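Open your viewer and get ready for a short tour.

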Amino acid sequence: MRLDEITPVILTLNEAPNIGRTLDCLSWARRIVVVDSFSDDDTVAIVARYPKAELFRRQFDLHVNQWNFAIRETGINTDWVLALDADYQVPDELMREIEALVVEPDVSGYRTRFLYCVAGKVLRGATYPPVTVLFRARQAAYSQDGHTQRVQINGRVGTLNNPILHDDRKPLSSWLAAQARYMRLEADKLLSTSFSDLGAADRIRRMIVVAPAAIFFYCLFVKGNVFDGRTGLYYVLQRTLAELMLSLYLLERGLAG
């Protein structure tokens with residue numbers, strides 16, 4: 001696959017601690033699309049330092065709408081899109097793998113796994129799942145799934161071997177505010193879906209008291225974060241707190257019902 005057939009697309013909202021490092025990894029790109037939700041920090045000024053980056057601004061409503069705007073209404077004329085969060089860093093090894101791809105006609109996307117970082121240190125493991133990040137723009141559309149959004153691909157999705165780094169350097173206060181929003185949406189999703197239609201993990205989450213304890217031990221021991229020192233403990237407590245927030249929202253809905 002030729003790299004000039006790929007347009008990186010990034011969503012931003014107050015991503016000054018992250019966006020420069022992400023754009024630094026994209027020097028190979030001919031054009032980079034950045035869709036900003038009216039950041040009030042230095043995000044826009046940082047993006048302006050990169051001549052290949054073209055900034056669009058759209059008032060945020062839902063992530064799914066923001067992503068669909070980004071891939072459909074920003075004048076992308078390449079066949080492929082590389083969809084990135086502002087805290088994703090794309091290693092050279094991954095781009096060399098992509099450049100070497102011989103794409104079969106029925107393949108419309110590629111997923112890859114992530115290495116999760118805390119304060120720049122790669123953790124031994126994390127709960128972050130593989131994501132389809134590289135896809136044919138005309139064969140893709142985003143849909144909402146709880147607190148997150150997922151790209152639906154018309155065609156077969158392959159798997160890349162090299163990972164992306166997830167390295168969010170924003171302060172804890174930003175993470176807390178985001179999780180409060182995300183877990184409200186996740187609670188709505190869990191309560192609007194019948195128990196029998198939920199996957200195993202979401203059934204555990206619906207049981208409220210089980211999930212926070214389960215995620216604590218899963219991250220600490222199964223994922224090996226106990227061996228990551230303070231950064232591992234930071235991640236474990238983050239994930240546990242997120243599940244506690246979800247449990248509180250589920251309880252709140254029950255008490256109000």
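**The whole chain**

Begin with everything selected: of the 257 residues of the chain, 47% count as buried, where buried means under 20% relative accessible area, exposed means over 50% and partly exposed lies in between, with a 1.4 Å probe and protein chains only. Keep in mind that this is a predicted model, in which local features need pLDDT of at least 70, side-chain atom pairs count only at pLDDT 80 or more, and totals for chains, interfaces and linings use all residues. Residues are numbered from 1 along each chain as its sequence is written, and side-chain values use heavy atoms, with hydrogens and water left out.

Now switch to a cartoon view. The chain has 8 helices and 13 strands; these are DSSP runs numbered from the N terminus, with helices (H or I) of at least four residues and strands (E) of at least two. The radius of gyration is 19 Å, close to the 18 Å that the globule rule gives for 257 residues, so the chain is as compact as a globular protein of that length. This radius is taken over C-alpha atoms, and the rule is 2.2 Å times the number of residues to the power 0.38. Along the principal axes, the C-alpha atoms fill a box of roughly 50 × 40 × 40 Å.

Next, think about contacts (heavy atoms within 4.5 Å). Among those between residues at least 6 apart in sequence, 71% join residues at least 24 apart.

**Zooming in on the rings**

How many aromatic pairs does the structure hold? There are 10. Rings of Phe, Tyr and Trp (its six-membered ring) pair if their centres lie within 6.5 Å; planes under 30 degrees apart count as stacked, over 60 as edge-to-face and the rest as tilted.

Select Tyr88 and Tyr128: this pair is edge-to-face, at 6.4 Å centre to centre and 85° between the planes. Tyr88 lies in strand S5 (residues 88-89) and Tyr128 in the loop between strand S8 (121-122) and strand S9 (131-136), so the pair ties together parts that are 40 residues apart in sequence. Is each one buried or partly exposed? Tyr88 is buried at 3% relative accessibility, while Tyr128 is partly exposed at 26%.

With Tyr128 it forms a tilted pair, 6.4 Å centre to centre and 50° between the planes. Tyr116 sits in strand S7 (residues 114-118), and at 11% relative accessibility Tyr116 counts as buried.

Finally, select Tyr88, Phe114, Tyr116, Tyr128 and Tyr235 together: they form one aromatic cluster.
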